[in-house]
Each structure stands twice: as C-alpha cells, then as structure tokens.
Amino acid sequence: MSARYLRLVLQPVLPAAVAMGCALLLTGPARATDDYTLPFYDPAVSLLYGVDRDSRIGVQLDYTGRTWWDSSNHPGRVYDNHTGIDYPMPLHSPVAAAKDGVVAATEGGFGTQQFGQFGNFVRVRHSDGRHTLYYHLASRADGGIAVAFDDEVLAGQKVGESGCSGLCYGAHLHFEVLVDVGGDLVTSDPMYRRLWTTWPGRIPFRAAYVGENDAGTVTVRRGYTVFHWVEFKNIGGRTWRPNVWPGRVVLGTWDPVGHDSMFAAADWMNTWIATKVDEVTPPDDVGRFTFGIRGAPGPGVYREDFNLDAQGVRWFDHDDLGGFYVPIKVIQQLE
Amino acid sequence: MRAQPIDGRERNARSWVLAEIGCVALALAACLGPIGTPTNTVGDATTAVPSPTAGPTTAPPGPGLPAGFPLMPGMRADEPLPEDEGLIGRWTTPANGAEVFDFLKTALPRAGYRIDLLGPGDTVAVIRFTPPGGQRLQIDLGQAGSGAGASTFMELRLPRD
C-alpha cells in the first residue's frame with residue numbers, strides 16, 4: 001500500500017513562538033470564538049514585535065505584562081511606542097482579513113518598497129466597532145491591494161500583499177487593531193485582549209489529515225460507483241461551513257488545480273468539486289467529506305489528487321496539509 | 001568591550017594607505033570585470049564616500065568586533081560609546097533603515113557570518129548572526145532624529161532578550 005499522506009516537517013519558527021507558547025502555559029487557552037484569525041496564511045510566519053501598551057517614551061509594556069524600562073527593541077515582545085504587531089514575511093505574501101467586515105479605506109499609491117512617512121494599507125471596519133489595519137503593503141500597481149473601498153470581506157479573504165512601503169526597515173506586515181472611540185480610532189492590543197480565536201492566534205484556513213474509510217487503494221468496478229470519505233481536523237481559525245458563499249469549504253481536484261476528474265460520480269457538485277464538508281466544523285473539530293468515486297475509465301491503476309478549498313476565498317495550503325490523493329484501481333469485473 | 005578610538009593622525013595615514021590599496025583594487029576590479037561584489041579594503045569607515053551602489057567597507061579591528069565585519073559606505077563611527085554593557089560598536093548613516101537592513105542581509109553572509117534571525121520592524125530591526133567559530137552577536141537598527149535630518153543608527157552588541 002502506498003503512503004498517500006505525507007506529512008511535511010514543520011518549519012522552524014522564530015523564538016517568538018516559544019515566548020507565545022510560554023504565555024499559553026501561563027495563562028491557559030482561551031475558548032475558541034471564531035472571531036479573529038491571524039491575517040496571513042503562511043504557518044511559518046511568526047510575531048516579531050507586539051504592541052507597546054505604555055505610551056511613555058522609554059517604558060515598554062508588552063503583551064505578557066512585562067515592563068521594560070528602556071527604548072531598546074525586544075524581539076518576540078515589543079519595541080518602544082509600537083502601535084501594532086509586526087509579522088516579518090517575504091514581499092508579496094498574501095495578507096488576509098482577520099475578521100468579516102467592510103473595507104473602510106485603502107492606499108496603494110506608494111512604491112512597494114518606497115521608504116517614507118506614508119505607506120500602502122487596507123483598513124477594514126468590523127461589526128464589533130473595531131477596525132483592523134494592514135500596513136506596509138505592496139503598491140496597487142504591483143498587486144498589493146486586492147480590495148476596494150466599501151467591499152465586503154470575509155475573515156481569511158485576501159485583502160492584499162505584503163510590501164515594505166512607508167516607515168519600514170524590511171518586508172513585514174504591520175497589523176493593527178483599532179477601536180472606534182467617539183469617532184477617533186484608538187490602538188488596542190489584540191494579543192493582550194485575546195481577540196484571537198485561540199491563544200496564540202491561528203491562521204484562517206488550515207487542516208490536518210485524520211483518516212479515511214479505506215486508506216488503501218480504492219477498487220471500483222468499471223461503470224460503478226463506490227463511496228468514500230476522508231476526514232480532516234480543522235486546525236485553522238475559521239469554522240468550515242457547507243452552505244455559505246463565498247467561503248464554503250469543499251474538496252476539489254488538485255494538480256492541476258480544478259481539473260475535470262475522470263472519477264466524478266453523480267453526487268459530485270461538478271466535474272472538479274467532489275463534495276462540500278458534510279457538517280459545520282468549528283476549529284478543533286474533525287470535518288468529514290463523503291463522495292462517490294466512479295469507475296469511468298478503462299481498467300488500470302490511477303490516482304486522483306484533492307485539496308480543500310474555501311470557495312471564493314482561498315485554497316488551503318497543500319504543502320502544509322501534506323497533500324491528499326486517492327489511489328484508484330478500476331477493474332472490469334469484481335475480482 | 002568596546003571598539004578603541006583611533007588617533008586622528010593614525011586614521012589619516014591609514015586612510016591614505018588603504019585608499020591607495022582601494023584604488024589599486026578598484027582598478028583591478030575594473031580590469032577583471034564584475035566578478036562578485038567588490039569589497040573595498042579601506043579600513044576606516046568614517047572616510048568612506050556614501051554611495052548606494054558601492055561595496056561594503058570593513059570595520060577596523062577593535063575589541064569584540066568580529067573579523068571582517070562589513071560596514072555600509074557612509075557609516076560613521078559614534079564615539080565615545082554610551083555606557084552600555086554589551087555594546088561593541090555604534091555607527092550612524094544618513095541612509096534609511098531599509099537600505100541598511102538590505103545591505104546587512106546580503107553583506108553579513110558574504111563576510112562568512114551565519115544569520116540566525118532577521119527581524120525587521122517599522123523603525124527598528126534586529127539581526128542576530130554568528131561569525132565562524134565565534135559567539136552570536138546582535139545588530140540593532142533604529143532611527144535617530146526625525147524629518148529631513150533623520151538618520152539611521154546601527155549598534156553591534158551581545159544579544160539581549
């Protein structure tokens with residue numbers, strides 16, 4: 001039996017992850033709320049600097065409650081008078097909305113790496129009165145701004161691409177949560193206030209393979225259909241739903257993405273979407289995907305590759321997921 | 001430990017000698033064509049001419065300074081150093097922080113150092129690196145001043161949390 005599921009080695013993370021892990025041990029996990037997710041998809045990205053909760057120059061209060069009586073920068077924690085969270089990432093990394101909302105402002109006229117007082121950004125207004133700001137983005141002409149004023153966006157939806165515009169010493173996302181106080185937008189600290197789905201925050205769409213009803217080669221008689229299911233654990237920050245648009249989580253064909261399948265059965269949603277998630281699956285739950293495999297082609301041994309897709313929002317990270325395919329053997333008659 | 005200040009006459013003499021070596025090196029480089037990145041052998045960074053396209057200079061030897069530590073052209077050594085245990089050297093440049101960060105990202109590996117952490121922020125950055133056979137060191141970048149007169153400072157130090 002061939003190994004159909006290949007788990008990749010976890011990429012090394014910055015020491016910040018260790019610090020956040022320590023914070024988790026000290027404070028305990030927050031209940032999943034599905035409210036806010038991390039504003040990117042890359043699981044290798046980690047916080048480098050958080051919000052300074054003390055406005056005095058030379059006094060820094062980080063998200064763990066530690067005070068630093070200096071103006072030095074402290075990797076993994078904070079630097080003086082910082083109003084957001086810095087996530088280093090390569091130029092043109094996708095940046096995602098942290099929560100459902102409406103685009104309140106955009107700026108894309110500065111160069112992708114144009115250093116200066118002002119840079120490119122997207123700001124989203126949310127139903128809870130908060131705003132989220134995504135700063136230092138690439139220029140609009142360079143694909144840095146993916147939304148327009150007044151657009152409705154979903155949590156996890158791409159709003160732009162990272163850059164290094166404005167006051168920026170190297171490519172990173174400056175993510176900021178603002179509270180509307182009488183018309184003024186005031187900085188808050190999402191880590192201290194635990195706005196994240198969990199503690200620490202999760203990226204929006206991630207999955208881990210759990211199992212299948214038949215983990216070996218699926219044998220199907222030519223012209224017949226066998227039913228198959230596969231389960232994935234929702235390790236992202238967004239609830240998987242079968243009946244929303246956009247954002248419905250489905251199992252689609254992969255490699256190449258969205259190709260017409262030779263094995264599409266009558267229950268498939270179309271020739272490249274095998275099925276949607278069977279039931280609503282919140283973070284930490286396991287979602288099942290049930291679908292038919294029809295022995296349409298001639299006898300032989302095949303494979304079909306799949307990936308999870310939050311439709312209209314994004315495909316899941318197939319490399320992070322480890323890849324999923326079904327070995328299929330089509331026979332003329334039952335053996 | 002700190003970098004030792006260099007006497008003015010010694011600095012001038014060294015500059016002339018090293019400038020001549022630099023000219024010879026540049027002439028050789030011009031003859032040989034663009035093979036790799038030209039590395040000036042000018043030992044005194046305070047006399048280097050700022051140029052965004054010039055290759056790195058090398059910091060003069062000093063206590064705690066790793067051999068071959070690259071300096072961006074135009075970097076000026078700040079002396080005397082402020083009282084700060086663990087501070088090895090401090091320099092200032094009119095170049096912006098993004099330019100300095102990009103320079104170091106390339107120049108440190110070329111100098112044979114292993115980069116352990118690249119941490120860019122808004123007006124700060126930290127780079128942790130390890131010279132061959134040496135102990136891990138940290139570079140802090142930050143903004144000095146504001147507006148048109150703003151400059152970027154670079155501190156080389158022992159790592160801190």
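Trainee: What makes up the secondary structure of chain A?
Mentor: Two helices and 20 strands. This is a predicted model. A strand here is a DSSP run of at least two residues, and a helix a run of at least four.

Trainee: What share of chain A counts as buried, and what makes a residue buried?
Mentor: The test is 20 or more other C-beta atoms within 10 Å of the residue's own. Of the 335 residues of chain A, 47% count as buried.

Trainee: How many residues does the contact take from chain A and from chain B?
Mentor: Chain A gives 21 residues and chain B gives 17. On chain A, strand S3 (85–88) and strand S10 (172–181) are the elements that give two or more residues to the side touching chain B.

Trainee: How do the residues on that side of chain A divide?
Mentor: Into 12 nonpolar, eight polar and one charged. Asp, Glu, Lys and Arg count as charged, so one residue on that side of chain A is of those types.

Trainee: Which pattern does chain B follow along the sequence?
Mentor: It reads α-β-β-β-β-α-β-β-β-β. That is two helices and eight strands in chain B.

Trainee: What share of chain B counts as buried?
Mentor: Of its 161 residues, 37%. The cut-off is again 20 or more other C-beta atoms within 10 Å.

Trainee: What share of the contacts in chain B join residues at least 24 apart?
Mentor: The share is 42%, among contacts between residues at least 6 apart in sequence.

Technical notes
Residues numbered from 1 in each chain as written. Chains lettered and ligands numbered in written order. Predicted model: local features only at pLDDT ≥ 70, side-chain atom pairs only at ≥ 80, totals over all residues. Buried ≥ 20, exposed ≤ 12 C-beta atoms within 10 Å, placed from the backbone. Contact = placed C-beta atoms within 7 Å.
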